[in-house]
Amino acid sequence: MKTALITGATSGIGRSTAKRFAKEGIRIILCGRRKKRLEDLKKELGVETEVQILSFDVRNREEVFHSIESLPGKFRNIDILVNNAGNAHGLDPIQSGSMDDWDAMLDINVKGLLYVSKAIIPGMIERQSGHIINIGSTAGKEVYPNGNVYCASKHAVDAINQGMRIDLNGNGIKVGAINPGLTQTEFSDVRFKGDSEKAEKVYQGFKALQAEDIADIIHFVVTRPYHVNIADLTVMPTAQATSTIVDKN
Ligand code: NDP
Ligand code: 8X3
């Protein structure tokens, strides 16, 4: 039985991935800050698989390490790490962007991903096996108006994904990124700070990707034979051609 740790499992892509993994009998460690959501999800998925919850903020190094070190025996050997926690905060031109938003995106999407990886990679090296999936974005492949720092954070994920694969080569560890385009989750609610009308508009007039679509792909990626590593995968809704070209009716 494989063990997977999923960051950002309280919502969207992470939550759907947890559900998919549970269905497939993968032991899961659900991470996020919202404890009640973690507890409810544990109750729901606990009938299908073994579930452990870890509530921490990926920005807080001590919390990250303390939480992961506190895992009980059978959850300690993490086979699959899904580095998914992250969000956009704001959508403003560089000249008027909020520095708090910039800090949040760089601290969560980049440094948080690094902290969690740093806590888990040594065990993978020791066991000479493991699989790290970094959730990037189309925003890590191109830059769009007002996307500035969010795009920078996801370009960083792209670079880190490549760097991890290079540095971990020879240790039996797979490293790959999945880069979704427009996916209907709580992402835009967070970006627009709870302005649900604005958030809903992002996904109006076309069929956006759903969290389950990405979970399905993540499951495909983790079930390839040992010699097959999906290194970098971009997925968009059919209606999307680039970050700014979306066929809306
Ligand atoms: P959601 O807002 O639905 O989920 C974000 C998840 O990240 C939540 O579970 C949240 O948990 C967690 N998270 C956010 N901040 C922190 C933090 N400081 N510490 C710990 N966990 C945190 O968005 P998505 O599911 O869409 O986003 C998941 C990933 O997918 C992100 O990396 C995002 O950039 C990426 N992505 C999303 C796309 C989209 O269009 N939706 C497209 C491309 C990539 P909690 O608040 O409980 O801590
Ligand atoms: C999320 C997709 O286009 O909002 O990474 O940046 S987008």
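Reader: What percentage of the 249 residues of the protein chain count as buried?
Author: The model is a predicted one, and burial is judged here by counting neighbours, a residue being buried if 20 or more other C-beta atoms lie within 10 Å of its own. Of the 249 residues of the protein chain, the share that counts as buried is 42%.

Reader: What is the radius of gyration of the protein chain, which has eight helices and nine strands?
Author: The protein chain has eight helices and nine strands. For 249 residues the globule rule gives 18 Å, and the chain comes close to that value, so it is as compact as a globular protein of that length. The radius of gyration of the protein chain is 17 Å.

Reader: Is Asn 83 buried or exposed?
Author: Asn 83 belongs to strand β4, which covers residues 80–83. Its contacts beyond four places away in sequence include Thr 7, Leu 113, Val 116 and Ile 133. Because 28 other C-beta atoms lie within 10 Å of Asn 83, and 20 or more are needed for burial, Asn 83 is buried.

Reader: How far apart in space are Asn 83 and Cys 151, C-alpha to C-alpha?
Author: Along the sequence, Asn 83 and Cys 151 are separated by 68 residues. In space, taken C-alpha to C-alpha, the distance between Asn 83 and Cys 151 is 17 Å.

Reader: How many residues of the shell around ligand 2 are charged?
Author: Ligand 2 is surrounded by Ser 137, Thr 138, Ala 139, Gly 147, Leu 182 and Ser 243. The shell around ligand 2 divides into two nonpolar and four polar residues, while the number of charged residues is given as no charged.

Definitions and conventions:
Residues are numbered from 1 along each chain as its sequence is written. Chains are lettered from A and ligands numbered from 1 in the order in which they are written. This is a predicted model: local features need pLDDT of at least 70, side-chain atom pairs count only at pLDDT 80 or more; totals for chains, interfaces and linings use all residues. A residue is near a molecule or strand if its C-beta atom, placed from the backbone, lies within 6 Å of it. Ala, Val, Leu, Ile, Met, Phe, Trp, Tyr, Cys and Pro count as nonpolar, Asp, Glu, Lys and Arg as charged, and the others, Gly among them, as polar. Helices (H or I, at least four residues) and strands (E, at least two) are DSSP runs, numbered from the N terminus. A residue is buried if 20 or more other C-beta atoms lie within 10 Å of its own, exposed if 12 or fewer, and partly exposed in between; C-beta atoms are placed from the backbone. Two residues are in contact if their C-beta atoms, placed from the backbone, lie within 7 Å. The radius of gyration is taken over C-alpha atoms; the globule rule is 2.2 Å times the number of residues to the power 0.38.
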